[in-house]
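This note sets out some points to consider while reading the structure. Please keep the sequence and the 3D view at hand and locate each residue as it is named.

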Amino acid sequence: MGQLMTALFNAGRQAEALEVFTRTRRVLADELGIDPSRDLRAVMEQILRQDPAITLAPAAPPGIPRQRTGAHQHLRQRGNLPLRSTSFVGRAAEVRRTLELLSVSRLVTLAGAGGAGKTALGIEAARASADRFSDGAVFVRLAAITEGDMLAPAVADALAVSIEGGTAAHRPRDVLIGHLRTRNTLLVLDNCEHLIEPVASLAETILSRCAEVQIIATSREALAVPGEVQLPVAPLPVPAPGTPPGGITAFASAELFLDRALAATPDLILDTQTLAAVGVICQRLDGIPLALELAAARLASLSPAELADRVRDRFALLTSGSRTADARQQTLRATVDWSHDLLTRPERLLFRRLAVFRGGWTLDAAEHVVADRELPPSAVLDLLDRLVRQSLVVAEHAAGHTRYRMFETLRQYAAGKLGLAADRDALLAAHARFYLALAEQAETGLRSSAQPRWTQTLNAEHANVRAALAWLTETDGHADEALRLAGSLGLYWHMGRHLEGRDTLRRVMSLTGGSPPARARAMQAVSLVERPRACIVHPSEQCAAAALNSLEIFESVGDRPRAAFSRLLLAVEGVGANPVTTRRRCSPKLTGSSPRSATTGARRWPRSCRWRP
């Protein structure tokens, strides 16, 4: 029947060819209750679009072989790669790298998070390399395929070949392999992550039996097939905070955003205010291409400055994608939903809980904070490794240590899931306990030869420590822990963050509750962080009073090491000062009493030296 339709089409009788299909479909439905085969439907679609593949070439004179028409030559050379509807920007280096890898490996997997631009990169790399293959490059969409058994038919459809001849002994996959063995082609298998094992099996079979076929796969994770080379596809580079407006356009993320923005709003004025807003948008959207394209579409109704402010709530804002795109590509949330729904239950649990961290975390932190009876510490490493392999977590290696982080877009998504979970408060409490313990270790380390290492540790964990302090301060019943944590950070703040330290200590010292020793530790921190405003050669009554109050408390509870540090802080007050003045204003009366007399002699100090928050 398909041959009849093709013959009618080539005879210039297209309407009759379509009528044949209509009659056939009616008979099949009425008498057998089935639809026309996939091959017959494909012929009908080719007739509707007047596909050159079914157009006969003019008859050649006897003895001269028939040549393909120019249209057919073009089709065979280029395969079925989608034509570009928008410009391709920001990935020239990745395209070159993909081509380099194709020259040394027959399988290159472009792996990255959802919305990172893997599909576009795969198509452009295939387009750039299509001339290397006599049968061109063939694009295979797998996003809509839900069963592994449909993989071979999907590839056959993209190749425009029939595998209907399969039998129990000669499966459709074997028929497909038979077609591919005679071809020199590049297959682009797009969106493999939801069928990762069946795709890996098919890819391995193709590579082992079809010598002139190469594959580009796009996926959240590698296929783990022998001979595979993985090319990570990260979000586009973003301008650093403080980048001058004139330098914004040098970044690929800004280049992509402006390209799409000018397409949506041609009269957009690129002044310094607009460019500054573009830099903020790129930063807040982590340079994720899909997010940038969705954001650019919003410029039809928002100014760049308004958009920069509103992208904080990115999942509510970025909901207006192309109507013709896959459903999962039409909103930012749908894209992340796609990745999240593919996780196993333990992977989802860990992914959700990791949102408690800010600015990254270590394996040790994850094992202490997110683990419980349902997710034991021994399981964290394997699950974390799975999230890294699936492009949901980034592992960064430096100086022999590994640190993990999420892109803020993914962290916000996970935080939304965490906000609905019953274990949220317990997780936040565990996070605060871990970083309180870390800060108390650092407090000792900063006063030793290990100061550089502990300074580096606190710099890396600064966002987590700040988040822990905020939770302890804002949650009832945790004043003691908040005072201890703030007290542990005094020297760290003194070494360069005294403004933050002063603001934090004012909030913490105003809390009700907390044990006297915990308050004394915070007072020591006050004595340290207030010092930069009144440098070491200009003594501060506030610093002296805070140090004295802490000394009294530590001596009263018998904490000799901390009392000694309070005395040191008091002694510093005397450096560079007028000894007589200092003795009169901010020291106990010299009555021959031991230093411990300061515990009971607090009222001997002038009122101006008594520290109050």
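This is a predicted model: local features need pLDDT of at least 70, side-chain atom pairs count only at pLDDT 80 or more; totals for chains, interfaces and linings use all residues.

1. A loop residue at the surface. Residues over 50% relative accessible area are called exposed. A224, at 69% relative accessibility, therefore counts as exposed. The loop that holds A224 runs between β4 (213–219) and β5 (228–232).

2. N191 is not a glycine, yet it has a positive phi of about 65 degrees. Is N191 buried or exposed? The cut-off for a buried residue is under 20% relative accessible area. N191 has 5% relative accessibility, so it counts as buried. Its place is in the loop between β3 (185–190) and α9 (196–209).

3. The protein as a whole. The protein has 613 residues, and buried residues make up 47% of them. Its secondary structure comes to 29 helices and seven strands. Among contacts with a separation of 6 or more, 69% are between residues 24 or more positions apart.

4. A buried residue in a loop. I145 is found in the loop between β2 (137–141) and α7 (151–159). Its relative accessibility is 15%, so I145 counts as buried. Which residues does I145 touch, leaving aside its neighbours within four places in sequence? The contacts are with M150, L151, A154, H194 and L195. For one of these, H194, the distance can be stated in two ways: I145 and H194 are 49 residues apart in sequence, and 8.9 Å apart in space from C-alpha to C-alpha.

5. F351 belongs to helix α16 (residues 345–353) and Y413 to helix α19 (residues 408–419), so that the pair links distant parts of the chain, 62 residues apart. F351 has 2% relative accessibility and so counts as buried. Y413 counts as buried too, at 3% relative accessibility.

6. A stacked aromatic pair. W361 and Y404 form a stacked pair, 6.3 Å from centre to centre and with 20 degrees between the planes. This pair also links distant parts of the chain: W361 lies in the loop between α16 and α17 (363–369), Y404 lies in strand β7 (residues 401–405), and 43 residues separate them. With a relative accessible area of 2%, W361 is buried. Y404 is buried as well, with a relative accessible area of 11%. Together with F357, the residues W361 and Y404 form one aromatic cluster.

7. An enclosed helix. Why is α23 said to be largely enclosed by the rest of the structure? Seven of its ten residues are buried, and the description follows from that count. The buried residues are A479, A482, L483, L485, A486, G487 and S488. They pack against α20 (424–445), α22 (462–474), α24, α25 (498–509) and α26.

8. The largest cavity. A probe the size of a water molecule, rolled over the atoms, shows where empty space is left. In this structure there are four cavities of 30 Å³ or more, and the largest cavity holds about 50 Å³ of space. Its lining consists of E443, L446, R447, G487, S488, G490, L491, Q524, A525, L528 and F565. By class, these comprise five nonpolar, four polar and two charged residues.

9. Where the lining comes from. Which helices each supply at least two residues of the lining of the largest cavity? They are α23 (479–488), α24 (490–494) and α26 (516–529). Of the elements contributing to this lining, α26 gives the most, with three residues. G487 and S488, both in the lining, are also among the buried residues of α23.

10. A charge over a ring. Two lining residues of the largest cavity, R447 and F565, may be viewed together. R447 lies over the face of F565, at 3.8 Å from the ring centre.

Key:
Residues are numbered from 1 along each chain as its sequence is written. Side-chain values use heavy atoms; hydrogens and water are left out. On a 1 Å grid over the protein atoms alone, a cavity is a set of points where a 1.4 Å probe fits but cannot get out, and a pocket is an open set with protein on both sides within 12 Å along at least five of seven lines; lining residues have an atom within 4 Å of a point. Grid points are joined across faces, edges and corners, and a volume is the space filled by probe spheres set on the points. Helices (H or I, at least four residues) and strands (E, at least two) are DSSP runs, numbered from the N terminus. Ala, Val, Leu, Ile, Met, Phe, Trp, Tyr, Cys and Pro count as nonpolar, Asp, Glu, Lys and Arg as charged, and the others, Gly among them, as polar. Buried means under 20% relative accessible area, exposed over 50%, partly exposed in between (1.4 Å probe, protein chains only). Contact means heavy atoms within 4.5 Å. Rings of Phe, Tyr and Trp (its six-membered ring) pair if their centres lie within 6.5 Å; planes under 30 degrees apart count as stacked, over 60 as edge-to-face and the rest as tilted. A charge sits over a ring if NZ of Lys or CZ of Arg is within 6 Å of the ring centre and within 35 degrees of the ring normal.
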